[in-house]
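This report describes a protein chain through its charged pairs, its sheets and its helix packing. Please look at the structure before reading on.

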Amino acid sequence: MNNLTNLEELLLSNNFLYGYLPENICLGGRLKKIAVSYNHFTGSIPKSMRNCNSVVRVLLGVNEFTGNMSEDFGIYPNLVYMELGNNKFFGKLTRNWGHCQKLTMLNISNNKVSGMLPPELGKATQLQKLDLSSNLLVGKIPKELGQLRLLYILKLNNNTLSGNVPAQIGMLFDLQQLDLADNKLGGPFPKHLERCANLENLNLRSNRFNGAVPFQIGNFHSLRNVDLSRNMLIGELPPELGNLFLLETLNLTHNNFIGSIPASFQKLVSLTSVDVSYNQLEGPLPHIKAFIEAPLEALEDNKGLCGNNTSLKPCPTPKDKNRNQAVIAIVVSISSILFLLFIIVGIVFICKRRVRNMDEPREIQTEAFFAAWNHDGKKVHEEIVEATENFDSKYCIGVGGNGSVYKTLLSTGQLVAVKKFHENDGIDHQQAFKSETSILPKVRHRNIIKLFGFCSHTRYSFLVYEFMELGSLVKILSDNEKATELEWFKRVNIVKGLAKATSYLHHECFPAIVHRDISSKNVLLDDECEAHISDFGSATTLDPVSSNWTPFAGTLGYSAPELAYTMEVNEKIDVYSFGVVALESIMGEHPGDLISSLLSSPLHAVDVLLKDVLDQRLSPPKQQIADQVVSIAEIAFACVRQSPQSRPTMKQVSQKLLTPLQSLSVPFHMVTIKQLFDSPTWTS
């Protein structure tokens with residue numbers, strides 16, 4: 001093993017191997033990939049690795065390697081991926097890591113690395129994931145980390161870091177996960193994180209943050225999981241927390257919050273887990289499932305919470321007090337009371353007239369609303385409000401960035417989906433409403449959601465669509481039972497339908513329409529598993545004679561990579577998103593890791609078989625269906641190419657999917673990812 005001068009790859013992961021790695025593993029200077037994770041290797045890193053300039057991917061995680069980080073690792077000009085987690089490395093991080101200019105992932109978690117974080121890390125500007133959790137790091141978080149503009153995961157939890165969270169961290173616009181738990185960080189709540197518009201998971205547990213939670217937290221619209229527990233936060237909970245419509249878990253235990261839980265929490269219909277124990281909260285619980293079903297441990301040790309939870313006392317009903325005094329006052333002041341009642345009656349009468357006027361939908365909208373059904377707009381508006389009991393959360397079947405969707409049964413017996421826009425009336429919501437109501441009425445395609453009507457009201461706005469019985473593609477794929485029922489021929493038809501609809505938008509509409517947010521959550525299925533593109537809130541039409549520049553819109557993981565550095569919109573961003581959804585449809589899960597590995601290290605795909613990345617919950621496809629699955633994979637890989645110019649058009653995609661296929665040149669079980677990924681590039 002010590003004379004492998006031509007060695008380029010060493011792949012030994014997921015075995016039960018013991019012992020040491022050979023010292024001269026990179027003696028020939030050709031080693032590109034070493035993957036030995038999940039074994040029982042011990043000892044130091046081979047000396048030849050320190051100056052191994054050829055290496056691209058290093059996966060040594062989950063072993064028992066030891067060694068000094070500052071002595072055993074050098075500068076790697078071609079390094080893209082470094083996985084050292086769950087070993088016994090010690091020593092300090094050096095500035096060398098900042099000189100690894102191609103590095104996209106660095107994981108040194110669960111080791112014994114000490115010292116301070118080197119500011120030079122900010123020079124590794126291609127970093128997308130940085131995990132240094134569970135070490136012995138001290139000192140402050142360097143402000144230079146704010147230069148890592150592509151970073152979407154930052155994990156520094158379980159260390160002994162101190163000081164404030166630098167304001168520069170708010171410049172990480174792609175950040176999705178920030179975990180700073182179990183440190184000694186302090187200062188006020190880092191409200192500058194509101195600029196991280198894509199932040200989904202925020203964990204500040206077990207630190208020394210103090211002061212009140214600012215109202216700006218209501219601007220963290222993408223948050224799904226928040227843990228602020230075990231800090232020194234005080235004051236009342238801001239009502240703006242109720243604007244976090246996507247929030248699923250909220251942990252506020254062991255702080256010093258006071259007052260009542262804001263009524264705005266009623267809007268958190270996506271919330272599934274909450275813990276407000278060990279505070280000074282009082283008053284009624286919000287009437288939503290997360291609080292109603294919360295265990296005693298999540299509510300205990302407060303000042304006086306009450307409400308509809310078996311662990312708490314019911315809230316007291318108001319009672320008349322000082323009845324005798326009231327009687328005396330009435331007797332003594334009868335004339336004054338009558339006069340006061342007269343005034344109140346007058347005010348109530350005026351207010352009722354005003355409210356009645358406010359509740360009227362605007363005439364200009366009601367004339368068009370449900371015109372196709374020959375319904376009176378005002379009547380249908382009242383019917384929808386009544387059918388949903390004024391948009392009660394029990395009718396809510398989904399929550400998105402712009403609004404909530406309600407399942408509504410009309411008096412005609414027809415089921416419809418009503419999308420009610422969030423009530424903060426922000427400019428983004430107004431634009432989304434405008435986009436949907438200006439674009440959807442102009443399109444006619446069986447694979448695009450049908451808009452029945454809309455209502456712009458003084459209090460809220462909503463859209464009425466045809467109801468899709470099976471819901472979104474992402475929900476079906478995330479449910480094992482439903483995913484098993486989604487057989488291969490159904491998945492093939494879903495991809496074909498999506499391709500036809502997108503091709504229609506690009507090539508049969510004038511001006512062309514770019515959806516900008518094609519994702520599995522926006523692909524809805526009817527009772528026959530026919531795909532329908534929904535949510536045109538980000539859609540835009542293309543000006544054929546000038547450049548089209550718009551702010552970023554879309555869903556991370558589905559958005560084209562060029563949107564990280566340009567605001568120019570064209571059809572190729574939809575092509576990329578389609579490719580991601582197509583792969584997700586046949587893989588049964590989001591293909592992010594596969595796409596990243598193919599783009600960063602195509603050699604990794606040499607021996608990976610297509611059958612091994614397909615959804616394992618289904619039996620392998622056979623005969624003609626197998627041919628179509630292979631064709632979908634080949635087309636999808638072309639769609640997710642890094643360069644927009646090398647992606648096909650949706651017209652080419654749709655035509656190829658509808659073209660009769662020839663039998664595979666090799667048996668299905670022998671088709672590799674590399675064969676499909678290296679297919680001739682389409683240009684347009």
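Asp-182 is partly exposed, with a relative accessibility of 24%. The model is a predicted one. Asp-182 forms a salt bridge with Arg-205, and the closest N and O atoms of the pair are 2.5 Å apart.

## Other salt bridges

The structure holds twelve salt bridges. One of them joins Arg-224 and Glu-248, with the closest N and O atoms 3.2 Å apart. This pair, too, links distant parts of the chain, the two residues being 24 residues apart. Arg-224 sits in the loop between E18 and strand E19 (225–227), and Glu-248 sits in the loop between strand E20 (232–236) and strand E21 (249–251). Arg-224 has a relative accessible area of 28% and is partly exposed. Glu-248 is partly exposed as well, at 29%.

Lys-611 and Asp-612 form another salt bridge, at 3.1 Å from N to O. Lys-611 has a relative accessible area of 31%, which makes it partly exposed. Asp-612 is also partly exposed, with a relative accessibility of 45%.

## A buried charge without a salt bridge

Which charged residue is buried yet has no salt bridge? The residue is Glu-120, found in the loop between strand E10 (112–116) and strand E11 (129–131). The nearest side chain of opposite charge is that of Arg-95, at 4.1 Å. Apart from neighbours within four places in sequence, Glu-120 is in contact with Arg-95 and Gly-98.

## The parallel sheet

Twelve strands form an open sheet with parallel pairing. Their order is E1-E3-E5-E7-E9-E11-E13-E15-E17-E19-E21-E23. Strand E1 (9–11) and strand E23 (273–275) are the edge strands, and each pairs on one side only. Neighbouring strands are turned by 10° against each other on average, direction ignored.

Within this sheet, strand E3 (residues 33–35) and strand E5 (residues 57–59) pair over three bridges in the parallel sense. Ile-34 stands opposite Val-58 in E5.

## The antiparallel sheet and its helices

Another open sheet has three strands in the order E31-E33-E34, and here the pairing is antiparallel. Its edge strands are strand E31 (471–472) and strand E34 (531–533). Strand E33 (residues 523–525) pairs with E34 over three bridges. Val-523 has Ile-533 in E34 as its bridge partner. Helix H10 (residues 488–507) packs on this sheet and touches E33 and E34, with its direction at about 35° to that of E34.

H10 also packs with helix H15 (residues 650–658), at an angle of about 145° and with the axes 8 Å apart. The crossing is left-handed. The contact involves residues of H10, including Val-495, Ala-499 and His-506, and residues of H15, including Met-650, Val-653 and Leu-657.

Notes:
Residues numbered from 1 in each chain as written. Predicted model: local features only at pLDDT ≥ 70, side-chain atom pairs only at ≥ 80, totals over all residues. Heavy atoms only, no water. Helix = DSSP H or I, 4+ residues; strand = E, 2+ residues; numbered from the N terminus. Buried < 20%, exposed > 50% of the residue type's maximum accessible area, 1.4 Å probe, protein only. Lys, Arg positive; Asp, Glu negative; His and termini not counted. Salt bridge = Lys/Arg side-chain N within 4 Å of Asp/Glu carboxyl O. Contact = heavy atoms within 4.5 Å. Pairing = 2+ DSSP bridges. Axes fitted to C-alpha atoms, helices over the stretch in contact; angles between N-to-C directions. Left-handed = near helix turned anticlockwise from the far one by under 90°.
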